[in-house]
Amino acid sequence: MKNRLILYSAIFFLASCGGKDKNSERDNLEAESNFKYLSMEDSDFNKNLPEGAVKLYRLKNKNGLEMAVTNFGARVVELYVPDRKGNFEDVVLGYDNVDEYIDNPSSYFGAPIGRYGNRIADARFTLNGETYELEANNGPNNLHGWPGGYHNVVWEVQEADDQQLVFSYVSEDGHGGFPGTLTVKMTYALTD
């Protein structure tokens, strides 16, 4: 596991720190240290699962910000941003390959959660007079949706280019015990 900070967000809009030309500063840093940005290998995230193919997607902007995201759980697995001295560092906590995420299904590193955040006591709730029994995945409680969760499913890629990635996922009526079909759209973007 890498030593990185956790980032949770439905939409990432990141802009550069103004001032110096970060591209030339980054090029100099790479030349001096042989540091490779977005160190995750595509092959570490390419996997065919019963629900679809898992891949790694890379975003970057002209200011040197770089992000790697996988459609397994719509997870951010790397994000390189400059510190106040212009040195780029990865600030995301997580694993180095998709198998580690699969093998640790209760890990939420870099991923959205859902259908909701936190716990529902005794894995049940009442809505409009009807009680819904949910799957318990945290002792007697339901945590963040259901045992599989949005962080452990393959999201559909709606759009992918160098600066924007749009995922979607459909949670069917009754999935995990929840009423109603819910369609989720997740957009990650690095603006210039």
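In this predicted model, the protein chain has an average pLDDT of 83, and 80% of the residues score at least 70. Over residues 2-36 the pLDDT is below 50, although this stretch makes 82 contacts in the model beyond near neighbours in sequence. Where pLDDT is low, the predicted coordinates should not be read in detail.

An open sheet is built from 4 strands in the order β4-β5-β6-β7, with antiparallel pairing. Its edge strands are β4 (56-60) and β7, each of which pairs on one side only. On average, neighbouring strands of this sheet are turned by 15° against each other, direction ignored. Strands of a sheet pair through backbone hydrogen bonds, either parallel or antiparallel.

Within this sheet, β5 (residues 66-70) pairs with β6 in the antiparallel sense over 5 bridges. Valine 69 has valine 76 in β6 as its bridge partner. The hairpin of β5 and β6 has 4 residues between the strands, and glycine 73 in this hairpin takes a positive phi near 80°. On its other pairing, β6 (residues 75-82) is joined to β7 by 3 bridges, and these two strands run antiparallel. Valine 81 stands opposite glutamate 89 in β7, while the bridge partner of proline 82 in β7 is phenylalanine 88. β6 and β7 also form a hairpin, with 5 residues between them. Glycine 86, in the turn of that hairpin, has a positive phi of about 85°. Strand β6 is mostly covered, as 8 of its 8 residues are buried.

The largest nonpolar core has 22 residues, of which Met67, Leu79, Trp155, Phe167 and Tyr188 touch the most other members. Two or more residues are given to this core by each of β4, β5, β6, β13 (164-171) and β14 (182-190). The largest share, 4 residues, comes from β14. Another core lies apart from it and has 14 residues, among them Phe45, Leu49, Phe72 and Tyr101. In soluble globular proteins, nonpolar side chains tend to be buried together.

Serine 168 is found in strand β13. This serine counts as buried because its relative accessibility is 14%, and the cut-off for a buried residue is under 20%. Leaving aside residues up to four places away in sequence, serine 168 touches Trp155, Glu156, Gln158, Val184 and Lys185. Serine 168 and threonine 183 are 15 residues apart in sequence, and their C-alpha atoms are 7.1 Å apart in space.

Aromatic pairs were searched for in the whole structure, and 12 were found. One of these is formed by tyrosine 95 and phenylalanine 109, with an edge-to-face arrangement. The ring centres of tyrosine 95 and phenylalanine 109 are 5.4 Å apart, and the angle between the planes is 65°. Tyrosine 95 lies in the loop between β7 (88-90) and α2 (98-103), and phenylalanine 109 lies in the loop between α2 and β8 (119-120), so the pair ties together parts that are 14 residues apart in sequence. Tyrosine 95 and phenylalanine 109 are both buried. Elsewhere, Tyr57, Tyr150, Trp155, Phe167, Tyr169 and Tyr188 form one aromatic cluster. Trp155, Phe167 and Tyr188 are also among the residues that touch the most other members of the largest nonpolar core.

Some backbone features remain to be described. Most residues other than glycine have a negative phi, and most peptide bonds are trans. The peptide bond from glycine 114 to arginine 115 is cis, with omega near 15°. Arginine 115 has its place in the loop between α2 and β8. Asparagine 118 lies in the loop between α2 and β8 as well, and its phi is near 95°, a positive value in a residue other than glycine. Asparagine 118 has a relative accessible area of 46%, so it is partly exposed. A positive phi also occurs at aspartate 122, where the value is near 55°. Aspartate 122 is found in the loop between β8 and β9 (124-127). With a relative accessible area of 45%, aspartate 122 is partly exposed.

Methods
Residues are numbered from 1 along each chain as its sequence is written. Side-chain values use heavy atoms; hydrogens and water are left out. Rings of Phe, Tyr and Trp (its six-membered ring) pair if their centres lie within 6.5 Å; planes under 30 degrees apart count as stacked, over 60 as edge-to-face and the rest as tilted. Buried means under 20% relative accessible area, exposed over 50%, partly exposed in between (1.4 Å probe, protein chains only). Two strands pair if DSSP finds at least two bridges between them. Axes are lines fitted to C-alpha atoms, for helices over the stretch in contact, and angles run from 0 to 180 degrees between N-to-C directions. pLDDT is the predictor's confidence in each residue, from 0 to 100. Contact means heavy atoms within 4.5 Å. A nonpolar core is a set of buried Ala, Val, Leu, Ile, Met, Phe, Trp, Tyr and Cys residues joined through side-chain atoms within 4.5 Å.
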